[in-house]
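Subject: Structure handover

Hello,

Here is the structure I promised. Please open it first, then read the notes below.

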Amino acid sequence: MTVDVLVAGAGPTGLAMALEAHAHGARVRIVERRPEPFRPSRALILHPRTLEVLRPLGVTDAVLERSDTAPTAALQLGPRVVETRLAGFQLPETAYPHLSLVRQTDVEDVLTRALADRGLRVERGTELVTARDGDRNASVALRSPRGTEEIHCLFVAGCDGPASTVRACAGIGWRSRPYAAEVVLADIDLASAADHAGPSSAQVFAGRDGLVFLFPLGEQATWRLLATRAADGGAGRDFGQPGPVVPQAELQRLLNEAGARTRIERLAWSARVPLRCGLARQFRRGRLFLAGDAAHNYSPATGQGMNAGIQDAANLGWKLAFAAVRAREGPATWCEDVLLDSYEEERRAAAHRRLLLTHAAFWAEASTGRVPSWLRGVVAPHVAPVVPTLLKRRRLVAEAVRVISQLRVNYRHSSLSVQGTPVLRGAPRPGDRVPDAAVSLEGAPGRLHHLMAGPGVFLLVQRDADPPPPEAVASAQVTVLRLENSPGRGLVAVRPDGHVGFQCGAADPAGLLGWLTLAGAVASHPLASAGR
């Protein structure tokens, strides 16, 4: 089998990467060193933006069928309890104005099935041993029960976790530091839910020693417990991976100290998980790329890990595929490095901002220092009466969700964000995410994101605009949508990941073709060269 993209790792990031690259024309192979899917789930939440980037892959509905899309949570602050609903946010710019509670294992199962439907099998029990960058391809050694195999491919996507072999082979440095707090995970059955919460409600207890969460998403029992506590500081810890078991008596003590009036009837599984925050110094070296936990590690605060990895895949997968398709046509006569370098340019900056967000949030919820402990144990119960009032400020809550779920991320400073002439006023700028909106196409009303729920580049053409040049329309990777309810002569080119790549207020065929060539959506030709 000829391989364009080898994906190492079959967690959510690797599975989404394989789907994204395959959907855009790449020949993909995905390997995973573990013989069976990883258990238990470490991630339990999907953000609106993640659901958006999964939608063109045709898997969002299947994910939502396994999700709680109208979750409720009961937050206990000392003796006070605050009820909140994690759905119905004032987010008109997305089709998913809610947080979705779903096990990582369910997300992985949906993505694995989608790959199988496309004829792609995850090769479990196959480990990437070495990966070397070369001028025209990458060389990879794979080890499985059948023996060792060496293959050549155009690109390697390292989605192989915190101890990434691809990162080590690429010689990419890693900046990180351990947290003084660690996470305790357990699947438990309780004698009863807490008095203030129903059986399907998530429960959060805030105290001096940290937060304790109970989610009705256990895999071996009804409830998944997640708590923070001071780390033991032992050396040689396998960060991010479940470690030693936690006795039932210790788990019960965590619940008692947090104020949870319930008793553990059965402990099915437990583990301590040491944590660190970290960021790779580069996301690319030649033909070797990093994504997900191989590129960045976060605390569990705000639920970024699985979401960030899937969003990495949505950014990189189509770029690798477009570069591979162009490579089949002959020697590169277009700016391949601009397209591929844009991944690190865009996603590393976003990862750094996310690192700051999660670090601040984890300090507030888990640090055992004097100030955060005082805030949780003393201040929080006193301010609890005003929390319901704050939660009713729908715009304030919606803005917080936008920040947490990365709906605010833009790539305006990317080399792949190009402004045409003249500027289209009132439209998203190059690099911005395209919001969902009511549109009219061929006399029929619809929603923009629904119309763009497929792979490839979309050209959004205003009602009175000139048709795009034939070279653009002829590309199998380009779809034209004429928006009849949008008067004007402008055009917006939307990348496969939902961000604007190019826009102009009137016909700019040379500029458009120049950008399509830069993005790898069309082959290089004289008019495109004239536009650069």
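Helix 4 is followed by Gly119, whose phi is positive, near 85°. Helices here are DSSP runs of H or I, at least four residues, and strands are runs of E, at least two, numbered from the N terminus.

This is a predicted model: local features need pLDDT of at least 70, side-chain atom pairs count only at pLDDT 80 or more, and totals for chains, interfaces and linings use all residues. Numbering starts from 1 along each chain as its sequence is written, and side-chain values use heavy atoms, leaving out hydrogens and water.

Back to helix 4, residues 104-117. Its buried residues (under 20% relative accessible area, 1.4 Å probe, protein chains only) include Gln104, Val107, Leu111 and Leu115. The buried residues of this helix pack against several elements, among them helix 1 (12-23), helix 2 (48-54) and helix 7 (305-328).

Now the cavities. A cavity is a set of points, on a 1 Å grid over the protein atoms alone, where a 1.4 Å probe fits but cannot get out; lining residues have an atom within 4 Å of a point. The structure holds 2 cavities of 30 Å³ or more. A volume is the space filled by probe spheres set on the points, which are joined across faces, edges and corners.

The largest cavity has about 200 Å³ of space. Its lining has 20 residues, with Glu52, Pro56, His449, Met452 and Gly498 nearest the centre. Helix 2 gives the most to that lining, with 3 residues.

The second largest cavity has about 70 Å³. Here helix 7 gives the most, with 3 residues. Arg49, Gln311 and His499 are among the lining residues.

Best wishes

Notes
Buried means under 20% relative accessible area, exposed over 50%, partly exposed in between (1.4 Å probe, protein chains only). Contact means heavy atoms within 4.5 Å. On a 1 Å grid over the protein atoms alone, a cavity is a set of points where a 1.4 Å probe fits but cannot get out, and a pocket is an open set with protein on both sides within 12 Å along at least five of seven lines; lining residues have an atom within 4 Å of a point.
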